[in-house]
Amino acid sequence: MFRVNRSDEGIKWPVHINEPRSGGAVKQHTINVHFIIKGQETIDELTNGSDLEFMLAVIDPVKGWEGLTRESSTNEKGVEEIPYNETELEALLDIPYIKAGFIEAYFKCIAGVSSKNSGKRQRTG
């Protein structure tokens with residue numbers, strides 16, 4: 001039996017970011033983002049605003065994301081976690097292929113499209 005859950009409960013969802021490479025190739029990176037599933041009316045209202053406003057509304061402000069790093073000269077490993085906050089999100093959404101990954105992942109999440117086959121061609125017939 002299917003039980004409808006109408007809460008703004010968060011869900012951890014993989015976001016696939018396809019980084020363009022020379023020669024038409026891409027390198028796929030996967031991070032996890034904690035999305036909040038909003039009602040359709042709210043989504044309709046949010047799509048009329050900026051991409052930043054939309055993502056701020058649908059990413060859990062406490063949990064944010066996991067697995068997002070950048071180079072660091074102050075860390076012995078050479079990388080550091082990028083903390084979730086509005087400034088970092090705005091900077092990331094300014095990179096078109098990252099923004100595309102975030103938006104695509106959220107809409108696949110709310111549509112119930114499995115992320116297991118994302119980025120892979122589906123065989124038919």
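I take contact to mean heavy atoms within 4.5 Å. I keep in mind throughout that this model is predicted.

**Entry 1: Val26**

I looked up Val26 and found its place in strand E2. Is Val26 buried or exposed? I checked the relative accessible area, which is 52%. Exposed means over 50%, so Val26 counts as exposed. Next I listed its contacts, leaving aside neighbours within four places in sequence. Val26 is in contact with Asn18, Glu19, Pro20 and Arg21.

**Entry 2: the elements**

I went through the chain from the N terminus and wrote down the elements as β-β-α-α-β-β-β-α-α. That gives four helices and five strands.

**Entry 3: the sheet**

I then looked for an open sheet and found one of three strands, in the order E1-E2-E3, with antiparallel pairing. Which strands stand at the edges? They are E1 and E3, the latter covering 65–66. Each has a single partner strand, so one side of each is left without a neighbour in the sheet. I looked at how E2 and E3 pair, and found two bridges in the antiparallel sense. Asn32 stands opposite Glu66, which belongs to E3. I also noted that H4 packs on this sheet and touches E1, E2 and E3. The direction of H4 makes about 145° with that of E1.

**Entry 4: the core**

Nonpolar side chains tend to be buried together in soluble globular proteins. I looked for such a group here. The largest nonpolar core has 25 residues. Which of them touch the most other members? I noted Phe35, Met55, Trp65, Leu89 and Phe102. Six elements came up when I asked where the core residues sit: strands E1 (10–20) and E2 (26–36), and helices H1 (40–46), H2 (51–58), H3 (86–93) and H4 (96–111). Each of these supplies at least two residues of the core. H4 gives the largest share, five residues.

Not counting residues up to four places away in sequence, Phe35 touches Glu9, Gly10, Ile11, Trp13, Val15, Val58, Ile59, Phe102, Ala105 and Tyr106. One of these, Phe102, is also on my list of core residues that touch the most other members.

**Entry 5: the whole chain**

Last, I collected some totals. The chain has 125 residues, and 29% of them count as buried. The chain exposes about 8900 Å², of which carbon and sulfur atoms supply 48%. I also checked contacts between residues at least 6 apart in sequence: 55% of these join residues at least 24 apart.

Conventions: Residues numbered from 1 in each chain as written. Predicted model: local features only at pLDDT ≥ 70, side-chain atom pairs only at ≥ 80, totals over all residues. Heavy atoms only, no water. Core = buried A, V, L, I, M, F, W, Y, C linked by side-chain atoms within 4.5 Å. Buried < 20%, exposed > 50% of the residue type's maximum accessible area, 1.4 Å probe, protein only. Areas by Shrake-Rupley, 256 points an atom, 1.4 Å probe, with all protein chains shown as cover. Pairing = 2+ DSSP bridges. Axes fitted to C-alpha atoms, helices over the stretch in contact; angles between N-to-C directions.
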